[in-house]
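Here's a quick walk through one chain, from its overall shape down to a few individual residues. Have the model open as you read.

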Amino acid sequence: MIRTRFAPSPTGFMHIGNLRTALYEYLIAKSNSGKFILRIEDTDQNRLVADAEKIIFDTLEIAGLKYDEGPDIGGDFGPYIQSQRKDIYMKYALQLIESGKAYYCFCDKERLDSLHKKNLSYDRHCKNLSTEEIQKNLAAKIPFVIRQFIPDGQTTFKDEVYGEITVDNSQLDDQILIKSDGLPTYNFANVVDDHLMQITHVVRGCEYLSSTPKYNLLYDAFGWQIPTYIHLPLILDENGEKLSKRRGAASFQDLLQLGYLPQAIINYIALLGWSPESNQEFFTLPELEKEFKISSLSKSPAIFDLNKLRWMNSEYIKKMPFDEFYAAVLPYFKNSIKKSDLDYKQLAEMSQTRINFIYEAPSLFDFIDKLPDYDVNLFVHKKMKTTLENSLDILKIIIDKLGNLSSWTQDDIKKSLTDVVNENGLKNGQVFWPARIALSGKDATPCGAVEIAQMLGKSESINRLKFALTKLEGN
RNA sequence: GGCUCGUUGGUCAAGUGGUUAAGACACGGCCCUUUCACGGCUGUAACAGGGGUUCAAAUCCCCUACGAGUCACCA
């Protein structure tokens with residue numbers, strides 16, 4: 001059975017690249033009836049952030065990535081938090097020392113720094129300490145780390161995405177397995193846990209590609225079975241650089257805050273680095289589970305295009321069942337529009353195809369509370385065949401006609417305006433265009449003159465039409 | 001710098017020796033329409049460069065260029 005794991009370190013926010021990794025791990029497991037496991041990698045005590053775990057739980061929850069085992073729900077291979085597994089790693093590290101695959105190192109920081117300055121890798125200064133020296137140092141409580149001994153030769157591994165990769169072991173440092181605080185390094189904890197948790201497919205960003213040989217050397221040193229590796233290409237920002245907080249949205253939380261819908265985000269990032277066999281581009285999570293194939297993962301990095309995400313978001317808004325959309329948008333209308341006798345349902349209907357984000361809906365109707373300052377030239381429209389002159393004349397007729405209306409329904413208003421068209425031998429646009437401009441003061445509105453007049457009410461409508469008259473006359 | 005990986009339109013991408021080199025976003029045009037949006041139709045635009053192999057190369061090989069990753073007691 002396939003088992004994958006998502007192993008974030010609790011840094012306090014969910015990078016979009018990490019979320020995609022989690023998504024693919026989830027999909028690889030689920031598309032094969034496997035298990036998806038969550039493991040928290042908190043071995044760096046210097047980077048602990050409060051509530052960071054909660055953000056991970058919440059993100060996966062909102063994204064719909066349900067894990068089968070994890071810190072908060074348990075499982076047969078716990079604990080699922082690395083800081084709670086400290087003793088396990090030490091035990092395995094000592095086992096490697098026994099078999100000569102690892103060794104104690106007592107070198108201090110100054111010594112290491114000086115090597116580093118000369119661009120040298122670790123010189124194995126402590127590799128051949130005698131047993132007595134080691135015992136003496138340990139007894140004297142000299143701080144130590146445990147290093148992996150990298151043998152000569154070459155290491156080859158196979159990645160499902162990148163194929164076979166061979167690296168000369170001379171490129172590899174005798175890496176630290178156990179730090180001087182007694183906690184394991186990421187690489188070591190990762191190998192031990194993936195083995196103990198019976199992870200079959202190791203899925204991670206390709207920044208780990210070059211350290212993979214070290215992993216294999218560890219698996220070999222233990223005599224453990226090497227997992228299937230799946231390295232994922234990077235996600236870059238619009239400048240082709242790493243996604244960063246500075247340049248806007250780098251995290252899932254940022255995107256949510258900007259108004260992107262979780263399903264739209266998931267759908268979009270699923271397509272960054274993977275493509276389906278068909279041309280389908282809208283996927284629910286269950287559909288992804290069905291369609292996902294490791295073989296159609298891409299090798300080259302992808303640029304995160306907010307533009308396309310925005311489009312996808314607007315598509316998700318359009319697809320929402322109306323009641324759901326209405327419930328989501330209603331609070332925004334109530335908070336942002338002062339006029340209270342409005343038919344919010346109608347506003348919602350008019351909004352759904354016109355916005356990229358739910359919160360944008362009220363701004364479509366900003367002309368209701370206050371007529372904006374507008375340029376008189378808005379009345380001129382070539383295609384509508386309107387000019388400053390005929391707009392003035394026509395508006396006079398409209399004011400007259402609407403002023404005589406006793407009932408102010410959309411049907412009544414529409415009939416009146418249509419009458420103006422017919423009775424004066426005009427084109428629709430010649431009446432409706434100036435009316436809408438006068439009523440809204442905007443060249444684009446989410447509805448026509450009739451609806452706007454009805455929303456504003458009779459007296460406000462007449463006022464605005466008369467105001468337009470003075471503008472045109474003063475011209 | 002060493003090592004490793006990558007390179008199809010502005011962006012995401014299909015493509016696994018023979019195609020008019022898909023599709024989507026963005027951009028332009030047209031239609032629909034009392035504006036805008038939606039919807040429909042349509043246009044511009046790509047195999048990084050150079051050598052091979054082959055009857056035939058975006059697809060295979062080599063070199064170059066460019067980009068990226070990595071070389072920590074970070075993950």
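## Ground rules

Let's start with burial: a residue is buried under 20% relative accessible area, exposed over 50%, and partly exposed in between (1.4 Å probe, protein chains only). This is a predicted model, where local features need pLDDT of at least 70 and side-chain atom pairs count only at pLDDT 80 or more, while totals for chains, interfaces and linings use all residues. Residues are numbered from 1 along each chain as its sequence is written, chains are lettered from A and ligands numbered from 1 in the order in which they are written, and side-chain values use heavy atoms, with hydrogens and water left out.

## Overall shape

Chain A has 18 helices and 11 strands; helices (H or I, at least four residues) and strands (E, at least two) are DSSP runs, numbered from the N terminus. With a radius of gyration of 33 Å, well over the 23 Å that the globule rule gives for 475 residues, chain A is more spread out than a compact globule. That radius is taken over C-alpha atoms, and the rule is 2.2 Å times the number of residues to the power 0.38. The C-alpha trace spans about 110 × 45 × 35 Å along its principal axes.

Buried residues make up 49% of the 475 in chain A. Contact here means heavy atoms within 4.5 Å, and of the contacts in chain A with a separation of 6 or more, 72% are between residues 24 or more positions apart.

## Two nonpolar cores

A nonpolar core is a set of buried Ala, Val, Leu, Ile, Met, Phe, Trp, Tyr and Cys residues joined through side-chain atoms within 4.5 Å. The largest one has 107 residues, and the members touching the most others are Leu65, Phe304, Phe365, Phe379 and Ile398. Helix α1 (residues 16-30) gives this core its largest share, nine residues. There is also a second, separate core of 32 residues, with Ala102, Phe188, Ala189 and Val191 among them.

Back to Leu65: beyond residues up to four places away in sequence, Leu65 touches Leu19, Ala22, Leu23, Tyr26, Phe36, Leu60 and Leu285.

## Helix α9, tucked away

Helix α9 (residues 262-270) is largely enclosed by the rest of the structure, because eight of its nine residues are buried. Those are Pro262, Ala264, Ile265, Ile266, Asn267, Tyr268, Ile269 and Ala270. Their cover includes α1, α2, α8 (252-257), α10 (285-291), β11 (302-303) and α11 (306-319).

Thr43 sits in the loop between β2 (35-38) and α2 (52-63). Its relative accessible area is 6%, so Thr43 is buried. Setting aside neighbours within four places in sequence, Thr43 is in contact with Gln82, Lys179, Leu183, Pro184, Tyr186 and Ala189. Ala189 turns up again in the second core.

Ser391 lies in helix α14 (residues 388-403) and counts as buried because its relative accessibility is 0%. Not counting residues up to four places away in sequence, Ser391 touches Phe379, Thr386, Pro434 and Leu472. Ser391 and Ala438 are 47 residues apart in sequence, yet their C-alpha atoms are 9.8 Å apart in space.

Then there's Ser416, in helix α15 (residues 410-423). Ser416 counts as buried too, at 6% relative accessibility. Leaving out neighbours within four places in sequence, Ser416 is in contact with Lys401, Leu402 and Leu405.
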